[in-house]
Amino acid sequence: MQQVRGVIARAKGEPVSLETITVPDPGPGEAVVDIAACGVCHTDLHYREGGINDDFPFLLGHEAAGVVEAVGEGVESVAPGDFVVLNWRAVCGVCRACTRGEPWYCFDTHNAASRMTLDDGTELTPALGIGAFADKTLVHAGQCTKVDPTARPAAVGLLGCGVMAGLGAALNTGNVRRGQSVAVIGCGGVGAAAVAGARLAGAATVIAVDIDPQKLGWATGLGATHTVDSREHDAVEAIRELTGGFGADVVIDAVGRPETWKQAFYARDLAGTVVLVGVPTPDMTVPDLPLIDVFGRGGSLKSSWYGDCLPSRDFPMLVDLYQQGRLDLDAFVTEEIGLDDVEAAFDKMHHGGVLRSVVVL
Ligand SMILES: NC(=O)c1ccc[n+]([C@@H]2O[C@H](COP(=O)([O-])OP(=O)(O)OC[C@H]3O[C@@H](n4cnc5c(N)ncnc54)[C@H](O)[C@@H]3O)[C@@H](O)[C@H]2O)c1
Ligand SMILES: [Zn+2]
Ligand SMILES: [Zn+2]
């Protein structure tokens with residue numbers, strides 16, 4: 001075992017602290033990873049605010065890249081020295097989703113069984129089973145996906161969560177095809193990635209919608225052909241106008257609120273697709289949605305868990321596209337910060353101005 005620094009959320013709503021943690025040697029099927037970079041995601045803040053569960057203290061951080069330092073018994077998929085992006089859905093291969101050939105829905109994903117602890121022996125709960133705001137972390141070996149070792153860690157680590165969720169919402173869940181029209185509501189890290197995914201798929205019209213003009217500017221850089229400031233314009237009307245009066249083939253809600261989902265519902269063409277990738281809170285409902293509209297408008301209403309990604313399939317491919325200059329992951333890295341700047345990065349989330357703050361070690 002070894003002692004390293006880690007960012008800990010001890011109690012609901014309290015500022016995080018940088019503390020000494022103990023990382024055990026990897027047990028069977030596990031790996032210790034030396035973290036190179038880890039993005040600050042909204043979900044880390046949700047953990048700190050008690051919005052995920054009450055299993056404090058949390059070791060935060062989950063959008064990370066690093067180098068495998070050691071592996072436990074029976075691990076063959078990765079070896080010490082491998083450069084990996086960490087994922088929070090290590091598929092089991094044997095559940096009913098995996099066996100029917102849809103492993104991206106795996107219902108029994110793996111995390112490390114051994115526990116990291118505080119100095120006094122208190123067991124830590126790693127965010128999304130990762131906990132990568134730390135010099136080193138312990139994960140299940142299946143959570144490590146090997147990628148091109150020459151890629152920039154701060155950029156490719158973002159594929160571990162929000163950027164993959166957005167890219168996958170367009171590419172996998174929305175199944176965007178060349179020539180289609182796509183609208184993305186909410187262009188933070190996730191929505192901006194959905195814009196990039198729509199461009200990658202060859203969409204002809206890519207409409208970015210946000211209430212923050214700076215986000216719209218970044219979305220344009222990533223491939224939006226049109227932007228809509230929905231504080232000033234009705235999002236549904238604007239999207240219809242930009243698509244010949246019909247609505248978009250695929251509309252992606254990357255905010256996850258009843259009002260944005262309803263905008264997505266009505267801003268798509270007949271038989272079009274709505275993708276919900278923003279995560280609602282348990283108290284949210286969609287009132288007053290006539291069932292006849294659900295029937296009459298046809299198409300499909302989908303949710304996107306982690307962009308319906310399969311890390312082993314998608315991470316290396318997307319890193320290669322990044323390395324070829326065809327996917328601008330650098331555009332998501334607004335700032336590089338240290339482990340002791342995570343609390344300040346949470347503040348910046350509320351004030352805008354950042355797509356991603358990334359801790360670099
Ligand atoms: N499905 C998944 O697997 C997955 C993975 C990661 C994150 N997420 C979720 O995706 C969502 C977005 O995450 P993010 O990191 O991009 O957050 P973010 O805070 O960076 O971005 C949210 C964006 O939405 C905009 N916005 C807010 N209200 C709006 C409105 N009414 N209309 C239009 N735009 C509005 C904001 O200006 C901001 O640009 C969150 O709910 C997050 O939890 C989902
Ligand atoms: Zn499974
Ligand atoms: Zn995340």
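This is a short talk on the fold of one protein and the surroundings of its ligand.

Good morning, everyone. A reminder before we start: this is a predicted model.

Let's begin with the overall picture. The protein has 11 helices and 18 strands. Along the principal axes, its C-alpha atoms fill a box of roughly 60 × 40 × 40 Å. What is the radius of gyration of the protein, and what would a compact globule have? With 361 residues, a compact globule would come out near 21 Å; the protein has 20 Å, which agrees. Of those 361 residues, 50% count as buried. Now look at contacts between residues at least 6 apart in sequence. Of these, 70% join residues at least 24 apart.

Next, the core. The largest nonpolar core has 116 residues. Which residues have the most contacts inside it? They are V182, V184, A194, V195 and I252. Helix α5 gives the most to this core, with 8 residues.

Let's zoom in on A194. Leave aside its neighbours within four places in sequence. A194 is then in contact with G166, A169, A170, V184, I252, A254 and V277.

Where is V277 found? It is in the loop between β15, residues 268-276, and α9, residues 291-297. Is V277 buried or exposed? Count the other C-beta atoms within 10 Å. There are 30 around V277, and a residue counts as buried at 20 or more. So V277 is buried. Its contacts, again leaving aside neighbours within four places, include A165, G166, A169, V190 and A194. I252, D253, A254 and S304 are in contact with V277 too. For a sense of distance, take M116. V277 and M116 are 161 residues apart in sequence and 31 Å apart in space, C-alpha to C-alpha.

Now helix α4 itself, residues 162-173. How many of its residues are buried? The count is 12 of 12. N175 is not a glycine. It lies in the loop between α4 and β11, residues 181-185. N175 is partly exposed, with 16 other C-beta atoms within 10 Å.

There is another residue of this kind, A271. It has a positive phi of about 65°, although it is not a glycine. A271 lies in strand β15. It is exposed, with 10 other C-beta atoms within 10 Å.

One more backbone feature. A cis peptide bond joins F56 and P57, with omega about -5°. P57 is found in the loop between α1 and β4.

On to ligand 1. Which of the 30 residues around ligand 1 come nearest? The answer is A165, G186, G188, V190 and G278. The elements that give two or more residues to this shell are α1, α4, α5 and β12. Helix α5 gives the most, with 3 residues. By class, the shell has 15 nonpolar, 12 polar and 3 charged residues. Note that A165 and V190 were both contacts of V277.

Finally, the strands. In general, strands of a sheet pair through backbone hydrogen bonds, either parallel or antiparallel. Here, an open sheet of 5 strands has the order β7-β2-β1-β4-β8, with mixed pairing. Strands β7 and β8 stand at the edges, each with a single partner strand, so one side of each has no neighbour in the sheet. Inside that sheet, β1 and β2 run antiparallel, joined by 7 bridges. As an example, Q3 has T22 in β2 as its bridge partner.

Last stop, strand β6, residues 83-86. Strand β6 runs antiparallel to β5, joined by 3 bridges. It also runs antiparallel to β10, again with 3 bridges. V84 takes part in both pairings. It is the bridge partner of G66, and its own partner in β10 is K146.

That's the tour. Thank you.

Methods: Residues numbered from 1 in each chain as written. Chains lettered and ligands numbered in written order. Predicted model: local features only at pLDDT ≥ 70, side-chain atom pairs only at ≥ 80, totals over all residues. Helix = DSSP H or I, 4+ residues; strand = E, 2+ residues; numbered from the N terminus. Rg over C-alpha atoms; globule rule 2.2 N^0.38 Å. Contact = placed C-beta atoms within 7 Å. Near = placed C-beta within 6 Å. Nonpolar A, V, L, I, M, F, W, Y, C, P; charged D, E, K, R; others polar. Core = buried A, V, L, I, M, F, W, Y, C linked by C-beta atoms within 7 Å. Pairing = 2+ DSSP bridges.
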